[in-house]
Amino acid sequence: MYYISSSPPLVNNLFPSPVWKHQTDKIDNRRLEKVILEKEKKNPVVRREENNIGGYQSSDIDIEDEEEFKCIYDYIKECMEVILLSTNYKLNLSTIFRRVWVNVNPKGDSNKEHIHCGHYTPDCHWSGIYYVKTHANCGDIRFHNPIPDSLIVDHSSFLKDSSSLDSISLDPFEGTLLIFPSWVRHSVDQNKSEYDRISISFDIELGK
């Protein structure tokens, strides 16, 4: 007897952790790199938050009004419009950049597992990163399983892929924008290359 031949089981993904990804070649990353390195020289502020292991983080930048970063502002806003329309959000919400900063991570630097909401930027809803300059082995971004009870039993030897493991890493390709809910735990692997990994991070609050 076949019970499900005409109506196979349906799956409900009850607690998904979406990570939106887009890559563009319309931004002059070499120009951005030059601007960021000049900012590091003129404003040598190092944000030594508890998740950082080395590296430079700038003070907050005004991504909308600083002309050099306006392209990133427009790019993120455009992607956020798609995200909000594609998910269960009300119409005509505004996206408010609560915190934007640049990162320069030389060889050996990394970031421990952390989240953004409730600590660094208490009211943020979405966070993300844009990669200005990357090289092979410069440190993947790693997203961690938000459901701790799912790790009680080890399924790894039975799986075809790593979809249910402790963490999943994504390669940091230059020109890539990642946007994810601010509650998603993430870390950055150690930069094992001889080159800097340069990126722009941000936290967004939704408004009516």
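Me: What is the order of the six strands in the open sheet?

Reply: The order is β1-β9-β6-β11-β4-β3, with antiparallel pairing. Strands here are DSSP runs of E, at least two residues long, numbered from the N terminus, while helices are runs of H or I of at least four. This is a predicted model, where local features need pLDDT of at least 70, side-chain atom pairs count only at 80 or more, and totals for chains, interfaces and linings use all residues. Residues are numbered from 1 along each chain as its sequence is written, and side-chain values use heavy atoms, leaving out hydrogens and water.

Me: Why do β1 and β3 count as edges?

Reply: β1 (20-23) and β3 (56-57) each have a single partner strand, so one side of each has no neighbour in the sheet.

Me: How do you know that β4 and β11 pair?

Reply: Pairing takes at least two DSSP bridges between two strands. Eleven bridges join β4 (residues 94-105) to β11 (residues 197-207), so by that definition they're a pair. One example is arginine 99, whose bridge partner in β11 is aspartate 203.

Me: What makes up the lining of the second largest pocket, by class?

Reply: Six nonpolar, four polar and three charged residues. Nonpolar means Ala, Val, Leu, Ile, Met, Phe, Trp, Tyr, Cys or Pro; charged means Asp, Glu, Lys or Arg; the others, Gly among them, are polar.

Me: Which helix gives the largest share of that lining?

Reply: α2, with five residues.
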